[in-house]
2 protein chains.
Amino acid sequence: MNEITDETAGSEADLARHAMKMAKKKTAREKIMATKTDQKGLIIVNTGKGKGKSTAGFGMIFRHIAHGMPSAVVQFIKGAWETGERDLIEKHFGDLCQFYTLGEGFTWETQDRARDIAMAEKAWEKAKELIRDERNSMVLLDEINIALRYDYIDVAEVVRFLKEEKPHMTHVVLTGRNAKEELIDAADLVTEMELIKHPFRSGIKAQVGVEY
Amino acid sequence: MNEITDETAGSEADLARHAMKMAKKKTAREKIMATKTDQKGLIIVNTGKGKGKSTAGFGMIFRHIAHGMPSAVVQFIKGAWETGERDLIEKHFGDLCQFYTLGEGFTWETQDRARDIAMAEKAWEKAKELIRDERNSMVLLDEINIALRYDYIDVAEVVRFLKEEKPHMTHVVLTGRNAKEELIDAADLVTEMELIKHPFRSGIKAQVGVEY
């Protein structure tokens with residue numbers, strides 16, 4: 001009898017402790033959130049060797065679509081397989097999201113540096129046009145970091161443009177591994193997707209709906 | 001004159017070196033890809049303190065939708081603001097993706113552990129039902145890691161279910177920070193989203209289309 005009472009008392013004390021801890025967390029969180037009052041267009045970088053850099057970028061584009069806010073995507077590197085998002089967006093939400101695919105194949109699939117540079121420059125021109133257009137609330141520059149890494153486009157020029165010419169309220173998302181330091185310095189929000197475990201290592205191939 | 005010739009020669013040699021490097025990369029990549037022949041449903045974990053865990057999960061759901069493959073989402077923690085994806089999916093793709101929101105508020109918004117546990121258990125029951133249904137090619141268990149972390153549901157039971165009862169071809173995506181070691185051990189693909197820089201630190205508040 002005593003044991004049961006003790007157990008119940010212990011459990012009630014645990015519950016009370018839990019409630020108090022959660023109440024403290026809630027108060028602390030509300031206090032922090034109250035200080036966050038500014039809004040501005042962010043420079044967002046998704047980098048690292050892990051998965052989800054482009055996928056999270058497209059996720060934010062879908063959020064914009066969900067809220068009826070216009071956006072645009074420039075794909076700097078086009079993998080032949082990566083057509084899922086493009087088809088879906090063009091079919092259902094073409095009026096809300098413009099989509100340009102200007103890279104052709106992964107860089108290691110093309111062996112012509114001059115052509116790669118010309119294509120990257122063309123993609124960057126289109127990107128600037130879309131960012132300057134204040135109707136776009138977000139512009140996703142998918143895999144631009146690969147073009148920057150190989151110096152197909154100049155990181156200093158990209159940083160200058162984002163700082164000096166990007167409209168104040170426009171979000172720009174830049175994805176791809178090996179983001180340059182200059183870009184990270186200029187960004188407001190940087191996430192590194194780190195690969196902890198990958199099924200390729202155990203012989204599993206890229207699968208529809210996951211990788212593309 | 002000589003200088004110009006030398007420059008041109010140097011540049012051509014550079015281009016040739018670049019082409020050779022890219023050709024080697026392409027061959028190496030093709031060799032690796034040829035060994036990846038298996039297909040199976042993956043246990044995918046997105047964890048870490050950075051952004052993009054849920055967003056990348058929803059991105060994979062949108063890929064499934066793009067390919068016309070049925071999927072389902074269970075949200076274990078419902079933030080009042082996180083309705084963008086749900087509204088978009090229900091409005092346009094309700095026939096392809098089932099959506100269940102069973103958590104209520106962030107855990108630190110509720111101060112009733114018993115109620116939290118009951119809700120997490122209900123969400124887990126729904127998750128099992130959706131995973132067992134072989135029509136679903138992917139099931140996203142959004143923010144389940146928070147329920148696991150507070151031991152609202154038992155990680156050993158979740159791992160056992162995924163290993164023993166998950167249909168072979170079904171992908172299950174589990175998101176949320178602080179993924180438990182047992183879950184990481186059982187997973188095929190684990191990505192840690194690491195926070196490098198966050199605009200909250202400089203007084204910028206959560207913004208529509210980015211955070212929600």
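Contact here means heavy atoms within 4.5 Å. The model shown is predicted.

View 1. Along the sequence, the elements of chain A run α-β-α-β-α-β-α-β-α-α-β-α-β. Chain A holds 212 residues, and 53% of them are buried. Its exposed surface comes to about 9,900 Å², with 50% supplied by carbon and sulfur atoms. Among contacts in chain A with a separation of 6 or more, 80% link residues 24 or more positions apart.

**View 2. A:Lys51 sits in a loop of chain A, between strand E1 (43-47) and helix H2 (53-66).** Which residues does A:Lys51 touch, leaving aside those up to four places away in sequence? In chain A, they are A:Met193, A:His198, A:Val210 and A:Glu211. In chain B, they are B:Leu189, B:Thr191 and B:Met193. A:Lys51 has 21% relative accessibility, so it counts as partly exposed. Buried would require under 20%.

**View 3. Helices H2(A) and H3(A) meet through side-by-side lists of residues from each helix.** H2(A) contributes A:Phe58, A:Ile61, A:Phe62 and A:Ile65. H3(A) contributes A:Glu85, A:Leu88, A:Ile89 and A:Phe93. By class, the residues of this contact are seven nonpolar, no polar and one charged.

**View 4. The axes of H2(A) and H3(A), the latter spanning residues 84-93, come within 12 Å.** How do the two axes cross? The crossing angle is roughly 5 degrees. Angles under 35 degrees count as roughly parallel, and H2(A) and H3(A) are therefore roughly parallel to each other.

Methods:
Residues are numbered from 1 along each chain as its sequence is written. Chains are lettered from A and ligands numbered from 1 in the order in which they are written. This is a predicted model: local features need pLDDT of at least 70, side-chain atom pairs count only at pLDDT 80 or more; totals for chains, interfaces and linings use all residues. Side-chain values use heavy atoms; hydrogens and water are left out. Helices (H or I, at least four residues) and strands (E, at least two) are DSSP runs, numbered from the N terminus. Buried means under 20% relative accessible area, exposed over 50%, partly exposed in between (1.4 Å probe, protein chains only). Accessible areas come from the Shrake-Rupley method with a 1.4 Å probe; for residues, only the protein chains shown count as cover. Axes are lines fitted to C-alpha atoms, for helices over the stretch in contact, and angles run from 0 to 180 degrees between N-to-C directions. Angles under 35 degrees count as roughly parallel, over 145 as roughly antiparallel, 65 to 115 as roughly perpendicular and the rest as oblique. Ala, Val, Leu, Ile, Met, Phe, Trp, Tyr, Cys and Pro count as nonpolar, Asp, Glu, Lys and Arg as charged, and the others, Gly among them, as polar.
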